[in-house]
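The following exercises are to be worked through with the sequence and the model at hand. Each task is followed by a solution in steps.

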Amino acid sequence: MTQSLTITRPDDWHLHLRDGDMLRAVLPETARHFGRAIIMPNLVPPVVTGEQAGAYRDRILSALPEDMMFEPLMTLYLTEDTDPEDVAAAHASGLVKAVKLYPAGATTNSASGVRDFDKVRPVLEKMAEIGLPLCVHGEVTDPEIDIFDREEVFIDRVLDPLRQATPGLRVVMEHITTAQGAVYAQSGGSDLAATITTHHLIINRNHILVGGIKPHYYCLPVAKRENHRQALRIAATSGLPCYFLGTDSAPHTDANKLQACGCAGCFTATNTMALLAHVFEEDGALDKLEGFASKNGPAFYRVPENPGQITLVKQDAPVAFPEQIKTPDGPVTVFDPGFAVHWTVA
Ligand code: DOR
Ligand code: ZN
C-alpha cells in the first residue's frame, strides 16, 4: 500500500552549513527539500557583523547547485562587542533574520559568546524595538551544573530574567530537549517560540550510552531521559504555533566525531523529512506535520510560507538512505534512527 502526504515546502529554522568544501557538500542535502533555513553563525571566526553575514550569504549562494532553489536566512553571532546599529542596519536591509546567543563555552565555536549579559543589553533593547528575534542556545555553562540539568537551570537563571528585563524581545528557544523547555516555550504568547530537532524526537540518553558509546548520537544540548523525549513528541505534534522544526543538522567529519574528545552534532539534513513523517505517523499526527515543518516557523518569523510543496510517500520496503555524505574533508555520517523508515520525499 502506498500512502502519500503533500505539504507546503518546509523550512529548517536552525541549520549549520559550515563553509568551503563542507558547505558545498552538505548544502544540497538541505536545499533538496527545504525552501529556506536559518543559518547558524558559529563559523571560525564567527559571523558577527552585517558585512560578514552578507559575504557568508554570497558564499552559500555560490555553493548552491544551479538546479536548486534555496534561500539562506542569515543570523549574526552575538558578542559582547556587537554594535546595536550594525544589527539594526543588517535587519533593515533584509539580510539578517535573527541574532544568535551562545553563552560562552556552551557548545561548538561558542568561545566568542556572551559571558556578561549586561554587556549585550543595548543590543537586546534595539532588537526588541525593531522586532528582530533572538535565537538562544539555552544551556548554562556553570561547571557545577550537571550537563543534563543545564537547560532547565538556564531557563530559571538566565532566560526568564533576560525576557523580564527586555519587554518585547522576541525569543526562539533553540533545540529544546526537556519537558521544562516545552512548557516554558508556551508561556510567552506570540513573542516566544521553540525549535525542536528531528533527533531529539527520536533518541534519549540511553541511545548514546547503553551498549557502548555512540558518538554519532552525541550533540548539544545532549539528549535527556525518555520522559523528556516524550514531552518533545507531544509538543511537536501538538499543532501549537510556538513549536517548529529546527534540525540543528550539524556536520562533522567522522574523524572529528570518532575520537577521545569527539565533536557534538547530529547530521540529519538528508533524512529529516522522512524521519519526521515516521514520527508524526507513529503519534497519529501526520496532519500536524505541515504546521510543524512549514507553517509555524514562517508565522513566527513573519515571512510568507514557501510557494511550493513537497510530497512524502510511504512505501512497503524500507528506504535505504545514504549512510554517509562524502566531502573532501572526509565522510560525514548521516543520522541513523535505529529503526526501519518507509517514508521518503518523492
Ligand atoms: O550538537 C551541536 N552541534 N550543538 C550545537 O549547539 C552546535 C552544533 C555544531 O555547530 O556542531
Ligand atoms: Zn546548532
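**Exercise 1.** Determine whether Asp283 is buried, partly exposed or exposed.

*Solution.* Step 1: recall the classes, in which buried means under 20% relative accessible area, exposed over 50%, and partly exposed in between (1.4 Å probe, protein chains only). Step 2: the relative accessible area of Asp283 is 34%, so Asp283 is partly exposed. Step 3: Asp283 is placed in the loop between helix 11 and helix 12 (289-301); helices (H or I, at least four residues) and strands (E, at least two) are DSSP runs, numbered from the N terminus.

This is a predicted model, in which local features need pLDDT of at least 70 and side-chain atom pairs count only at pLDDT 80 or more, while totals for chains, interfaces and linings use all residues. Residues are numbered from 1 along each chain as its sequence is written, chains are lettered from A and ligands numbered from 1 in the order in which they are written, and side-chain values use heavy atoms, with hydrogens and water left out.

**Exercise 2.** State which residues Asp283 is in contact with, leaving aside its neighbours within four places in sequence.

*Solution.* Step 1: contact means heavy atoms within 4.5 Å. Step 2: with those neighbours left aside, Asp283 touches Arg233 and Thr237. Step 3: by contrast, 39 Å separates the C-alpha atoms of Asp283 and Val47, which are 236 residues apart along the chain.

**Exercise 3.** Identify the protein donors of the zinc ion (ligand 2) and explain why the pair His16 and Asp248 ties together separate parts of the chain.

*Solution.* Step 1: donors are N, O and S atoms within 2.8 Å of the metal (3.2 Å for Na, K and Ca); water is not among the atoms, so sites may look incomplete. Step 2: His14 (NE2), His16 (NE2) and Asp248 (OD) are the protein donors, lying 2.0 Å from the zinc ion. Step 3: His16 belongs to the loop between strand 2 (11-15) and helix 1 (20-31), and Asp248 to the loop between strand 9 (243-245) and helix 10 (254-257); the pair therefore joins parts 232 residues apart in sequence. Step 4: His16 counts as buried at 7% relative accessibility, and Asp248 is buried with a relative accessible area of 7%.
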